[in-house]
Amino acid sequence: QVQLVESGGGLVQPGGSLRLSCLASGFTFNTYMMNWYRQFPGKERELVAVISSFGSSTNYADSVKGRFTISRDNAKNTVYLQMNSLKTEDTAVYYCNAKIKQIPVWGQGTQVTVSS
């Protein structure tokens, strides 16, 4: 019963902000790195951001550096993706991900649409 459930997507104007949340259950959340991916139509999923188990280390795709921030609250079993200065090219389905015992686990995804 390992589960990841994303929320927070929606429609936003260019330059706007959204915060995505991913609620985890069924595993020891604070012992795993967590990831955010996104998928554009017709493309494979691409890695957006990574955070270490205690939040002390993060990495970002070049396309989002300076605009997106990944964070986590282990007491709430939740990982976040704060997205600022959104661009139309950020429009995608965003997925939370973890690799648990060599098995990748995905959330259902949440749609982010950036449009004027």
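Hi everyone, thanks for having me. Please keep the structure in view while I talk, and remember that we are looking at a predicted model.

Let's begin with the rings. How many aromatic pairs does the structure hold? There are four. Take Y37 and W106: their ring centres are 4.9 Å apart and their planes meet at 70°. Planes over 60 degrees apart count as edge-to-face, so that is what we call the pair of Y37 and W106. Now, where do these two sit along the chain? Y37 belongs to strand β4, residues 34-39, while W106 belongs to strand β10, residues 103-106. The pair therefore ties together parts that are 69 residues apart in sequence.

Stay with W106 for a moment. Is W106 buried, partly exposed or exposed? With a relative accessible area of 34%, W106 is partly exposed. W106 also pairs with Y95: here the ring centres are 6.2 Å apart and the planes stand at 85°, so this pair is edge-to-face too. Y95 lies in strand β9, residues 92-100, and W106 in β10, so the pair joins parts 11 residues apart in sequence. As for Y95, a relative accessible area of 10% makes this residue buried.

Next, please find R45. Which ring has the charged end of R45 sitting over it, 3.5 Å from the centre? That ring is Y95. R45 also lies over the face of W106, at 4.5 Å from the ring centre. Elsewhere, F27, F29 and Y32 are linked by ring pairs into a cluster.

Now for the sheet. A bit of background first: strands of a sheet pair through backbone hydrogen bonds, and they can do so parallel or antiparallel. Our example is an open sheet of four strands, paired antiparallel, and its order reads β1-β3-β8-β7. Which strands stand at the edges? They are β1, residues 3-7, and β7, residues 68-73. Each has a single partner strand, so one side of each is left without a neighbour in the sheet. On average, and ignoring direction, neighbouring strands here are turned by 15° against each other.

To finish, let's zoom in on one strand pair. Strand β3 covers residues 18-25, and five bridges join β1 to this antiparallel partner. If you look for Q3, you will find S25 of β3 standing opposite.

Technical notes: Residues are numbered from 1 along each chain as its sequence is written. This is a predicted model: local features need pLDDT of at least 70, side-chain atom pairs count only at pLDDT 80 or more; totals for chains, interfaces and linings use all residues. Side-chain values use heavy atoms; hydrogens and water are left out. Rings of Phe, Tyr and Trp (its six-membered ring) pair if their centres lie within 6.5 Å; planes under 30 degrees apart count as stacked, over 60 as edge-to-face and the rest as tilted. Helices (H or I, at least four residues) and strands (E, at least two) are DSSP runs, numbered from the N terminus. Buried means under 20% relative accessible area, exposed over 50%, partly exposed in between (1.4 Å probe, protein chains only). A charge sits over a ring if NZ of Lys or CZ of Arg is within 6 Å of the ring centre and within 35 degrees of the ring normal. Two strands pair if DSSP finds at least two bridges between them. Axes are lines fitted to C-alpha atoms, for helices over the stretch in contact, and angles run from 0 to 180 degrees between N-to-C directions.
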